[in-house]
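Please look over the model shown below before reading the notes that follow it.

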Amino acid sequence: MLENWFDPEAIAIVLCGTLAATMLRCGLADSRIALVALRRLFGKRFDPAKAKAELALQVREIADDGFLRAEPRQFGDPEFDSLSDLIITQRSIQSLHGAHRTFATARLAHAQTATRVFESAAELAPVFGLAGTLVALAQAPAGAPQGGGLVGAIAMAVVTTLYGLIAANFIFAPLGNAIARKSRREESDREEVLTWLEDSVRRADVARPRPAADTPFIEEVQTDAEAEPAAA
């Protein structure tokens, strides 16, 4: 029975046609972004616990050695590697938030682009299912007996329509939604890690005894400078 529902020609019409039309509609660059997002969807997700564990080493070094002697630690995440470097070089919490917003904006833009590409594919798949139906009916021989090529053409037409609906509702649309969900979850996890990092660095900086040559956070220097005229 399954062989009645498996038609390589119908699959080629629906899938190849949908992919080609989607690339033409969305463009090569956006299609490439969608492929990268699809590969990452089945890869390792962002692990906030691991990120905190890696960044805790940086916080401990700041608490022990101070900002001037601490070295930025890299653990393979582009955003938090950059934030670790900013902690040491600029010693500003505001710079952490600015850099995070830059990375988050780029990630969200890519996720939205990938979702839009898969939504376009979901729209086009039923269209090519109907196109396959027309192709199948057009191949039906005129005046053929009921048990001849007409039955096969009708069967291919029905199967092609079914493939279009399946591709739209069980492949392309779910993939786009999965990419969007993963993006929202990752941004929430990254916000949590950033808040934890900010609080941890502040506590480490406040608790650490300061040598004369060391300097506090930029925010603390600005606060002290603003307080001096009021005291005078």
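**Briefing on the predicted model**

The structure holds one aromatic pair, where rings of Phe, Tyr and Trp (its six-membered ring) pair if their centres lie within 6.5 Å. This is a predicted model, in which local features need pLDDT of at least 70 and side-chain atom pairs count only at pLDDT 80 or more, while totals for chains, interfaces and linings use all residues. Residues are numbered from 1 along each chain as its sequence is written, and side-chain values use heavy atoms, with hydrogens and water left out.

**Aromatic pair**

- The ring centres of Phe46 and Phe80 are 6.1 Å apart and the planes lie at 15°, so the pair is stacked (planes under 30 degrees apart).
- Phe46 lies in the loop between helix 2 (28–41) and helix 3, and Phe80 lies in helix 4, so the pair ties together parts that are 34 residues apart in sequence; helices are DSSP runs (H or I, at least four residues), numbered from the N terminus.

**Helix packing**

- Helix 3 (residues 48–65) and helix 4 (residues 78–89) pack at an angle of about 5° with axes 11 Å apart, and they are therefore roughly parallel to each other (angles under 35 degrees).
- In this contact (heavy atoms within 4.5 Å), Leu55, Gln58 and Ile62 of helix 3 meet Phe80, Ser84, Ile87 and Ile88 of helix 4.

**Cavity**

- The structure holds one cavity of 30 Å³ or more, a cavity being a set of points on a 1 Å grid over the protein atoms alone where a 1.4 Å probe fits but cannot get out.
- Arg45, Phe46, Lys182, Arg185, Glu186 and Asp189 line the largest cavity, each lining residue having an atom within 4 Å of a point.

Definitions and conventions:
Axes fitted to C-alpha atoms, helices over the stretch in contact; angles between N-to-C directions. Helix = DSSP H or I, 4+ residues; strand = E, 2+ residues; numbered from the N terminus. Parallel < 35°, antiparallel > 145°, perpendicular 65-115°, else oblique. 1 Å grid on protein atoms, 1.4 Å probe; cavity = no way out; pocket = protein on both sides within 12 Å on 5 of 7 lines; lining within 4 Å. Points joined across faces, edges and corners; volume = space filled by probe spheres on them. Phe/Tyr/Trp six-rings, centres within 6.5 Å; stacked < 30°, edge-to-face > 60°.
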